[in-house]
Amino acid sequence: MSRRRLPGDRHHDTRAMIRVDQAGETGAARIYAGQLAVMGGRHKMAGEIRHMAAQEQRHLDGMNAILARRDVRPTLFGPFWHVAGFALGAGTALLGPKAAMACTEAVETVIDEHYGEQTEALSDGSDPELKAMIDDYRADEVEHREAAAVHTGGSAFPVMEAIIRAGCRTAIAVAKRI
């Protein structure tokens, strides 16, 4: 049960949370689209990537719905995330399946941290609908990270993964504000 906010209480900007999560889910869906475009449907990992892509599309559909229902402005960088996500997925897939999975592992590591921060902020009961969505989506993201780690053996491309993690953190910071 949520309590009434009092002066001085910490306020959670759920509009920014929704905006950044919608942008992130857009990027994630496009990463998997890029990977599949390069690797094709016959690659031995295609089924697993399609499964992850379907989950990301479910997340994106949910974020699009709550964005519209709550009249939240999407990030102005949406078209950039659309192109950048596809390019990241395709580019890492061109390096091979291990690189594609290293990309997934890096992205999902940051998303798990990000969703963890949001679920902690919302643990005060201020927005149970959004918290439930984030908790649900976070479980899928952890599943993706763990599945990717099985294929890479962990830190297969440490420099690339560090760059991807830094890019994700920057994207989150930008989408919160713009």
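At what angle do helix H1 and helix H6 pack, and how far apart are their axes? Helix H1 (residues 14–39) and helix H6 (residues 158–177) pack at an angle of about 135°, with their axes 8 Å apart. That makes H1 oblique to H6; angles under 35 degrees count as roughly parallel, over 145 as roughly antiparallel, 65 to 115 as roughly perpendicular and the rest as oblique. The model is predicted: local features need pLDDT of at least 70, side-chain atom pairs count only at pLDDT 80 or more, and totals for chains, interfaces and linings use all residues. Residues are numbered from 1 along each chain as its sequence is written, and side-chain values use heavy atoms, with hydrogens and water left out.

**H1 with H6**
- The crossing of H1 and H6 is right-handed (near helix turned clockwise from the far one by less than a right angle; anticlockwise is left-handed).
- H1 contributes Ala16, Arg19, Val20 and Ala23 to the contact, and H6 contributes Ile172, Ala175 and Lys176 (contact means heavy atoms within 4.5 Å).
- By class, the residues of this contact of H1 with H6 are 5 nonpolar, no polar and 2 charged (Ala, Val, Leu, Ile, Met, Phe, Trp, Tyr, Cys and Pro count as nonpolar, Asp, Glu, Lys and Arg as charged, and the others, Gly among them, as polar).

**H1 with H5**
- H1 and H5 pack at an angle of about 30°, and their axes are 13 Å apart.
- The two helices H1 and H5 are therefore roughly parallel to each other, and their crossing is left-handed.
- On the H1 side, Thr14, Met17, Ile18, Asp21, Glu25 and Tyr32 meet Leu130, Ile134, Tyr137, Glu141 and His144 of H5.
- The residues of the contact of H1 with H5 comprise 6 nonpolar, 2 polar and 3 charged.

**Helix H2**
- Helix H2 (residues 46–69) has 24 residues and reaches 34 Å from its first C-alpha to its last, close to the expected 34 Å (1.5 Å times one less than the number of residues).
- Buried residues of H2 include Ala46, Ile49, Met52, His59, Leu60, Met63, Ile66 and Leu67 (buried means under 20% relative accessible area, exposed over 50%, partly exposed in between, with a 1.4 Å probe and protein chains only).
- The buried residues of H2 pack against H1, helix H4 (97–121) and helix H5 (128–152).

- Asp71 lies in the loop between H2 and helix H3 (78–94).
- Phi of Asp71 is near 55°, a positive value in a residue other than glycine.
- Asp71 counts as exposed because its relative accessibility is 62%.

Notes: Axes fitted to C-alpha atoms, helices over the stretch in contact; angles between N-to-C directions. Helix = DSSP H or I, 4+ residues; strand = E, 2+ residues; numbered from the N terminus.
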